[in-house]
Structures are given as C-alpha cells and as structure tokens.
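Subject: The structure, and what turned up in it

Hi,

Here is the structure I said I would pass on. Please open it alongside this note.

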Amino acid sequence: MWFNESVFYQIYTLNFCGAPRANDGIVEHRILRLNDFMDYFEDLGINAIYFNPVFSSDHHGYDTRDYCKIDERLGTNEDFIEICKNLHDRGMRVVLDGVFNHVGRGFFAFQDVLNNRENSQYKDWFRIDFNGNSPYDDGFYYEGWEGHYELVKLNLDYPDVQNYLLSAVDYWIDAFDIDGIRLDVAYSLPRWFMAMLKDHCRQKKADFFLLGEVLGDNAGYMFSEAHLDSITDYPGFKGLWSSFNSLNMFEMAHTIKRNYGEMYRGQTLFSFVDNHDVERIASKLTDLEKLPLIYGMLFSLPGIPCIYYGSEWGQTGKKEQGSDDSLRPEFTKPMPNDLTKYIKKLISIRNQSSALQKGEFKELVLTNKQFVFERNDQQERIIVALNLDDQEFTISLNENLISLIDQQEIENQGQIILKPKTIHYFKVK
C-alpha cells in the first residue's frame with residue numbers, strides 16, 4: 001500500500017496557521033497559507049500530509065463543534081477543498097485527525113442536552129446521569145475523557161452516533177478526497193468501532209489508511225481486532241532519543257527486536273522523533289551534532305517515517321506548564337537550512353529504495369556507540385552504519401559498496417572507517 005512507501009509530514013494546523021486560542025466564530029482564511037508551502041513540501045520529497053484537527057472546535061481542535069465544517073479560524077470548506085486538491089495535484093496524500101472518542105462542549109448535540117436536558121433527542125449520544133452534576137455546574141453529570149470535562153465522551157454504542165460519525169467520514173472522502181485518518185486516542189476506542197470504520201472506509205476507497213494513536217506497546221489487537229493499518233510507535237520514539245542521549249544503542253536494538261520480532265511481526269509502525277505532544281527533538285537531544293544522525297536512523301529503520309513541521313530545520317520546543325503552544329508554533333514561510341538539505345537527501349534515498357521502505361531488518365554490528373544493520377528485499381541490499389562516538393570506528397564489510405549519501409564507490413577493501421558522529425547508507429553492488 002502507498003502508506004508503507006511514504007514519508008509523512010505532520011502539521012498542527014490551527015497553531016501553524018496562527019489561529020487564536022479560542023474560536024470566536026469569525027471566518028479567517030488562514031489555511032490558504034499552506035499554498036505558500038506547496039513547492040517546499042514537494043521539493044522536500046514529502047508523500048503525505050497529516051493534519052491535526054481542521055474541523056470547527058472550541059479551542060485546540062480536539063474539542064469538536066462540527067465534524068463537517070472547517071474551523072472558522074482556518075477558513076471555509078472551499079478553502080480546504082483547494083488545499084487538498086493542490087496537494088493531490090503534486091502527488092501528496094491527505095490524512096486527517098479523526099477525533100471520535102469525544103467532542104467539545106460546543107458540539108451541537110451536547111448544546112441541545114444543555115438546553116433540553118431529559119427532553120433532548122441527543123441525550124443518549126453521551127453517558128449522562130441527570131441526578132448528578134458536572135464540574136461546569138450543568139445540573140447533570142457526564143463522562144469526560146480522562147477527567148477532562150471540556151471533552152465530552154461520546155456514546156459510541158448508540159447507533160445514531162455511529163451513523164453520524166460514518167456520514168461525516170463519507171463527507172470528508174467525498175468533499176476533500178482524503179486518503180486516510182489518524183484515530184485520536186485509539187486506545188480509548190472500542191475495537192469493534194475501529195474495525196467497522198475500517199471496513200466502511202475501505203468500501204469507499206480501497207487503499208484508505210487508518211492509523212491509531214497508541215502510547216504504549218503490546219497493542220497487537222489494533223491490527224488483529226481493530227483492523228488498523230498502523231499505530232504510533234512511541235517505544236521506538238523513546239528508544240531513539242534515549243539511546244542517543246545515553247550512548248546506548250543496545251536500547252534501540254532491543255526496541256526494534258521487540259517491535260518487529262515479537263509484538264508486531266509482519267506489521268509496520270508509524271515512526272517519528274517528535275510530534276505535537278512531545279518536546280522537539282532539537283530540545284530533547286543533549287548533543288545537537290547528533291541531530292542529523294537521528295534523522296538518518298528515522299529514515300532507515302523499519303516504520304513509516306513522519307516529520308513534525310519545522311523540526312526539519314531544527315525548531316526547538318519544550319513542554320511548558322499547562323500549555324503545549326511552544327511545541328506548536330506559527331510559521332508564515334519555510335525556513336530551510338543545512339539540516340533541511342540533509343534530510344531532503346535522506347528522503348530522496350528512501351523514496352527510491354524498496355529495501356528501506358519495506359525490506360527485512362538484519363543486525364550486523366552492535367556496540368554502545370555503533371549500530372550497523374542491513375535492510376534487504378528481493379531487489380536490493382542497503383547497509384546502514386551509525387557511529388555516535390567522538391572517535392573513528394572500523395567495521396569489516398567484504399562487499400563492493402556505493403555510499404548513497406555522497407555517491408562514492410567503495411571497492412572491496414574489507415575495512416571501512418566510520419568517521420566520528422556520522423551515519424552512512426551503503427548500497428551493496
């Protein structure tokens with residue numbers, strides 16, 4: 001499928017476009033700013049854009065008001081139709097955040113319950129106790145997601161809710177021609193609901209992509225029961241930054257073996273070095289000389305790699321008390337630099353390599369500061385060699401090789417010297 005061969009680019013849409021924190025209902029065509037990034041995305045080699053929530057919401061996008069209306073702070077449905085068409089015309093797929101576990105207090109059905117209580121036709125859309133009270137002093141109790149009462153949990157067991165959400169997804173496919181959905185808090189969704197959604201979407205589009213947000217591991221049921229195509233690889237994310245900071249590549253190697261040799265054999269995970277919920281990798285690494293190297297690992301290890309907007313030019317961002325805004329800045333134009341050029345080269349190599357996209361993984365050399373492995377399929381063999389040390393390191397490879405990063409041929413010498421703090425992609429001739 002196309003998604004196993006793609007490099008994704010994630011955009012936290014509201015903040016990226018400079019939208020105000022609260023939805024005041026005033027329509028501003030901010031999402032059209034993305035037209036100024038189209039050449040940049042294409043030049044970088046991106047195959048798919050994953051948008052964090054774009055639909056009308058109270059504040060941050062995950063508190064939905066209307067599943068079929070683009071957030072007023074971003075513009076109109078016609079604006080987003082234009083954006084999706086322009087991306088598709090350039091060969092890029094579109095994946096949206098699907099927030100189906102909960103809605104915002106401004107959601108029309110919940111507003112009707114606030115106004116009509118027991119007489120509301122939507123009272124069964126939520127899990128409500130009219131004998132209780134909420135932290136908002138509504139005169140009734142409702143279930144909020146993980147104690148966040150600005151996020152009203154939907155009753156997915158209720159057929160009207162199921163039909164409403166499926167019809168909304170139909171609209172997304174018909175109007176915007178989307179290619180996939182990332183399921184917010186998939187770990188909170190019923191497995192049967194995700195499987196039903198997958199079957200429904202595949203009837204509309206045979207190659208539709210469903211990605212699940214999973215924070216931990218041991219979630220094989222997401223594939224076997226929920227029928228998802230991929231899940232977020234948080235263990236791999238932790239393994240990458242932690243092994244780089246501690247100079248312990250055994251941690252990363254163990255994570256790969258556990259992911260692909262045990263828990264998720266035969267599956268492909270959605271991999272990243274940062275996203276909208278965690279600190280930027282440029283703020284996470286203790287040695288910024290390793291920043292290009294961690295991207296070298298991201299694009300060569302098993303997985304579907306995703307770049308978080310701006311991190312490809314070294315954007316920093318740390319978690320702050322009570323706010324994630326520092327992780328989600330506004331941008332008016334791309335700011336590429338040498339890191340961006342390097343990442344562009346890595347993406348180009350991956351886009352042309354079936355072995356890096358979906359080949360088998362084989363460990364060759366493993367020490368605390370070095371990691372050498374092979375990716376291979378029936379068409380090619382790629383050897384990836386990482387040296388995190390401040391000193392040179394020599395490896396034995398009795399092969400005729402081509403260095404894909406600098407295009408140098410390496411004849412069969414037996415010994416290859418890895419310079420300090422470098423990563424190499426070798427193609428076996």
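First, the ground rules. The model is predicted, so to speak of local features pLDDT of at least 70 is needed, side-chain atom pairs count only at pLDDT 80 or more, and totals for chains, interfaces and linings use all residues. Residues are numbered from 1 along each chain as its sequence is written, and side-chain values use heavy atoms, with hydrogens and water left out.

**The sheet**

Helices (H or I, at least four residues) and strands (E, at least two) are DSSP runs, numbered from the N terminus. Two strands pair if DSSP finds at least two bridges between them. An open sheet of eight strands has the order 13-12-11-5-2-1-15-14, and the pairing is parallel. Its edge strands, each pairing on one side only, are strand 13 (230–231) and strand 14 (270–272).

At one end of that order, strand 14 is joined to strand 15 (residues 304–308) by three bridges in the parallel sense. Phenylalanine 272 has cysteine 306, in strand 15, as its bridge partner. Towards the other end, strand 11 (residues 180–183) and strand 12 run parallel, with four bridges between them. Here arginine 182 has leucine 211 of strand 12 as its bridge partner. From strand 12, Phe209 and Leu211 point one way and Leu210 and Gly212 the other, and all are buried (buried is under 20% relative accessible area, exposed over 50%, partly exposed in between, with a 1.4 Å probe and protein chains only).

**The empty spaces**

Rolling a probe the size of a water molecule over the atoms shows where empty space is left. The search uses a 1 Å grid over the protein atoms alone: a cavity is a set of points where a 1.4 Å probe fits but cannot get out, a pocket is an open set with protein on both sides within 12 Å along at least five of seven lines, and lining residues have an atom within 4 Å of a point. Grid points are joined across faces, edges and corners, and a volume is the space filled by probe spheres set on the points.

The largest pocket holds about 760 Å³ of space. It is lined by 28 residues, with His60, Tyr62, Asp277, Asp324 and Arg328 nearest its centre. Helix 1 (13–16) and strand 10 (148–153) are the elements that give two or more residues to this lining, and strand 10 has the largest share, with three residues. Eleven of the pocket's lining residues are nonpolar, eight polar and nine charged (Ala, Val, Leu, Ile, Met, Phe, Trp, Tyr, Cys and Pro count as nonpolar, Asp, Glu, Lys and Arg as charged, and the others, Gly among them, as polar).

Three cavities of 30 Å³ or more were found in the whole structure. The largest cavity has about 110 Å³ of space. Of the 15 residues that line this cavity, Asp233, Met252, Ser271, Leu301 and Pro302 are closest to its centre. Helix 9 gives the most to the lining, with five residues, and the lining divides into ten nonpolar residues, four polar and one charged.

The second largest cavity has about 90 Å³ of space.

Contact means heavy atoms within 4.5 Å.

- Serine 243 lies in helix 8 (residues 234–246) and counts as buried because its relative accessibility is 0%. Among the residues that serine 243 touches are Met252 and Leu388.
- Lysine 205 lies in the loop between helix 6 (191–204) and strand 12 (209–212). Lysine 205 counts as buried, since its relative accessibility is 14%. A polar atom of its side chain lies 2.9 Å from the backbone oxygen of isoleucine 178. Lysine 205 also touches Ile173, Asp177 and Asp179, among others.
- Cysteine 68 lies in strand 4 (residues 64–70) and is partly exposed, with a relative accessible area of 28%. Cysteine 68 touches Phe55, Asn77, Ala168 and Tyr171, leaving aside residues up to four places away in sequence. Cysteine 68 and tryptophan 172 are 104 residues apart in sequence and 7.5 Å apart in space, C-alpha to C-alpha.

Best wishes

Notes: A polar contact is a pair of N or O atoms within 3.5 Å; within protein, one must be able to donate a hydrogen and the other to accept it, and residues adjacent in sequence count only if both atoms are side-chain atoms.
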